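Reader: Hi! Could you walk me through this one while I have it open?

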Amino acid sequence: EEHLKNMRNPSRKVLILGTSDSGKTTLVRQLVILHGGGYSDKDRENYRGLMISKLRVNYQLLLMADEDDTTVPDQERISSIRHSQFFPTASPLTPEEAVKMKELWTRMAAQESFYSICRECVIEDTAPYYFEKVDVFTNPDYLPTNDADILHLRHPTSNISEYEFQLDDYKFKFYDVAGQVDKRYRWAPYFEQQMSAIVYVVSISSFDQLLAEDNATNRLIDSLALFETLSQHELLKKTSIIVLLNKFDLLVKKCARGVNLKSFIPYYAGANEPKDFIKFCSKEFIKKGKTDDETKVIAIHVTTCTDSKLMKKIILDVKYL
């Protein structure tokens with residue numbers, strides 16, 4: 001109720017929507033860094049703790065997924081991993097921990113099946129970024145002054161967050177709402193408010209992943225279906241939408257490894273090339289987003305939300321809608 005009350009104040013209002021793990025929070029962090037004065041040392045200390053906790057979680061997941069352990073059948077292993085819960089500490093890594101993490105990471109990353117293991121076992125797509133610099137987390141004085149460290153952190157939104165920024169001569173209020181399946185009911189009250197635009201974030205690299213909630217629904221297809229539902233909602237038929245096809249860098253890497261797009265998106269008929277797939281997805285989102293209102297704009301941007309230079313331009317484009 002407090003959020004809805006604040007939304008009646010005069011300013012341009014932008015709702016940030018998208019499915020879980022699409023990159024919404026990374027977009028918000030870019031806004032804070034580029035237009036909100038950045039993060040304080042206290043903020044960075046908190047992020048350091050989250051990074052170390054995430055490292056420990058992903059290390060435990062890798063241990064469970066280790067194919068060298070032949071005592072556990074694959075499907076039993078995957079099911080166990082997907083339902084595991086960990087409660088790691090945020091204290092600095094010990095040198096011994098760092099050595100074990102590097103050894104396991106180096107060995108498993110060389111396995112041909114490593115990325116399929118990550119996909120099936122819900123190991124975060126930014127885990128490699130932190131494993132490759134694991135030694136810095138043994139330093140008790142380490143502070144993530146490099147914004148890239150913060151931008152690569154995956155930490156799901158669970159509540160409704162409100163942010164206010166000045167973009168040139170425009171005052172904006174951004175609303176970040178959780179995208180997990182069981183949290184989407186919270187979106188509806190915001191549709192009743194007059195939005196200047198919606199930013200809809202899509203993980204374009206999730207074409208080969210399943211929802212963590214049901215382990216059955218393709219994440220990209222779910223994102224497209226949800227986008228159609230939003231666009232056709234009676235209260236949003238006139239609202240312009242900026243679609244961010246995010247994680248393009250990961251899409252490029254997957255295609256380079258030979259992951260077959262058609263194996264996961266059966267109605268895709270193009271080449272196994274990132275640019276072809278982007279064209280296909282752009283057309284799909286524009287088609288699903290069209291309404292009878294000719295003034296409605298569906299603007300497509302291909303991006304990597306961790307890329308500050310690219311995001312600076314895209315964020316400024318928001319003010320023109």
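Author: Happy to. A word on terms before we start: contact means heavy atoms within 4.5 Å, and angles run from 0 to 180 degrees between N-to-C directions, with axes fitted to C-alpha atoms. Keep in mind that this is a predicted model.

Reader: Thanks. Which strands does helix α14 lie across?

Author: Helix α14, residues 308–317, lies across β2, β5 (241–246) and β6. Relative to β6, the helix runs at about 170 degrees.

Reader: And what's the strand order in the sheet?

Author: The order is β2-β3-β1-β4-β5-β6, in an open sheet of six strands with mixed pairing.

Reader: Which strands stand at the edges?

Author: Those are β2 (161–167) and β6 (298–302). Each has a single partner strand, so one side of each is left without a neighbour in the sheet. On average, neighbouring strands here are turned by 25 degrees against each other, direction ignored.

Reader: Let's look at β1. In what sense does it pair with β3, parallel or antiparallel?

Author: Parallel: β1 (residues 12–18) and β3 (residues 170–176) pair that way over five bridges. Along this pairing, arginine 12 stands opposite phenylalanine 172, and lysine 13 is opposite lysine 173.

Reader: How many bridges link β1 and β4?

Author: Five, and the sense is parallel there too, with β4 covering residues 197–203. For a landmark, look at glycine 18, whose bridge partner in β4 is valine 201.

Reader: How many residues of β1 are buried?

Author: Six of the seven, so β1 is largely enclosed by the rest of the structure.

Reader: OK, then what about cysteine 255 and cysteine 305, buried or exposed?

Author: Buried means under 20% relative accessible area. Cysteine 255 has 11%, so it counts as buried. Cysteine 305 is at 2%, so it is buried as well.

Reader: Last one: what part of the contacts joins residues 24 or more positions apart?

Author: Among contacts with a separation of 6 or more, residues 24 or more positions apart account for 75%.

Key
Residues numbered from 1 in each chain as written. Predicted model: local features only at pLDDT ≥ 70, side-chain atom pairs only at ≥ 80, totals over all residues. Heavy atoms only, no water. Pairing = 2+ DSSP bridges. Helix = DSSP H or I, 4+ residues; strand = E, 2+ residues; numbered from the N terminus. Buried < 20%, exposed > 50% of the residue type's maximum accessible area, 1.4 Å probe, protein only.
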